[in-house]
Amino acid sequence: MVDINGTLIFQFVNFIVLVLILAKFAYKPLLKVMEERRERIETDLHEAAQAKEDAAQLKADYEQQLRDARVQAQAIVDKAVKVADQEAQAHVQAIREQIAREKEIAQAEIVNEREIALKQMRQEVVTLSMAVAEKLLHKNIDDDVNAKWVSDYLDTLPKQTKES
């Protein structure tokens, strides 16, 4: 069996002293380091979860900003199209008004030119009529009488043209 002698007791006391020394100088600091590491890991996990939540919130915010920017961009495009359409309509209207003014001016010029041409034609008819009448009668009739006859004839001409 086992002999209990002084060395065994000394080894037993030596073992207890070693355990106490290890407990005081190694075990407690080791536990403290492990506890600090556990707390640090727990803190890191908590911070990682918080960072993940923050990232998700930032992502949602950015997506919302992107949607808002797209809506604003579409609104700007729509407004620009509307303004361009209005400007085009205004330009078309201005061109139509310019054409109408030019048409009125042209019609007035045509009427004026027609009246001038009619006056010139009447003057030529008077001159030719007087020349024909002079040759037919072989004598020169008084200018006042000639002018009265031609004028009377020309006044009846438009009436005859309208009746035809």
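Predicted model: local features only at pLDDT ≥ 70, side-chain atom pairs only at ≥ 80, totals over all residues.
Student: OK, how many helices and strands does the protein have?
Tutor: Two helices and zero strands. Those are DSSP runs, numbered from the N terminus: H or I of at least four residues for helices, E of at least two for strands. Helix α1 covers residues 6–137, and helix α2 covers residues 143–163.

Student: How much of the protein is buried?
Tutor: Of the 164 residues, 3% count as buried. Buried means under 20% relative accessible area, exposed means over 50%, and partly exposed is in between (1.4 Å probe, protein chains only).

Student: And the total accessible surface?
Tutor: About 15100 Å², with 62% of that belonging to carbon and sulfur atoms. The areas come from the Shrake-Rupley method with a 1.4 Å probe, and for residues only the protein chains shown count as cover.

Student: Switching topic, what does UniProt annotate at residues 6–27?
Tutor: The unreviewed UniProt entry calls that span a "transmembrane region". Positions follow the numbering used here, feature names are shortened, and annotations may be inferred rather than shown by experiment. In the model, residues 6–27 are 100% helix and 0% strand, with the end C-alpha atoms 29 Å apart.

Student: Which residues form the nonpolar patch on the surface?
Tutor: Among them are Ile4, Leu8, Phe12, Val13 and Phe25, and the whole patch has about 1200 Å² of accessible area. Patch residues have over 30% relative accessible area and no salt bridge; like charges are joined within 9 Å, and nonpolar side chains (Val, Leu, Ile, Met, Phe, Trp, Tyr) within 5 Å.

Student: Why does Val13 count as partly exposed?
Tutor: Because its relative accessible area is 43%.

Student: How many salt bridges does the structure hold?
Tutor: Two. The cut-off is a side-chain nitrogen of Lys or Arg within 4 Å of a carboxyl oxygen of Asp or Glu.

Student: Which residues are linked in the network?
Tutor: Glu35, Arg38 and Glu42. Arg38 to Glu35 has its closest N and O atoms 2.3 Å apart, while Glu42 to Arg38 comes in at 3.2 Å. Arg38 and Glu35 sit three residues apart in helix α1, about one turn.

Student: How far is Tyr153 from Val126 in space?
Tutor: They're 9.5 Å apart, C-alpha to C-alpha, and 27 residues apart in sequence. Tyr153 is partly exposed, at 46% relative accessibility.

How values were computed. Residues numbered from 1 in each chain as written. Heavy atoms only, no water.
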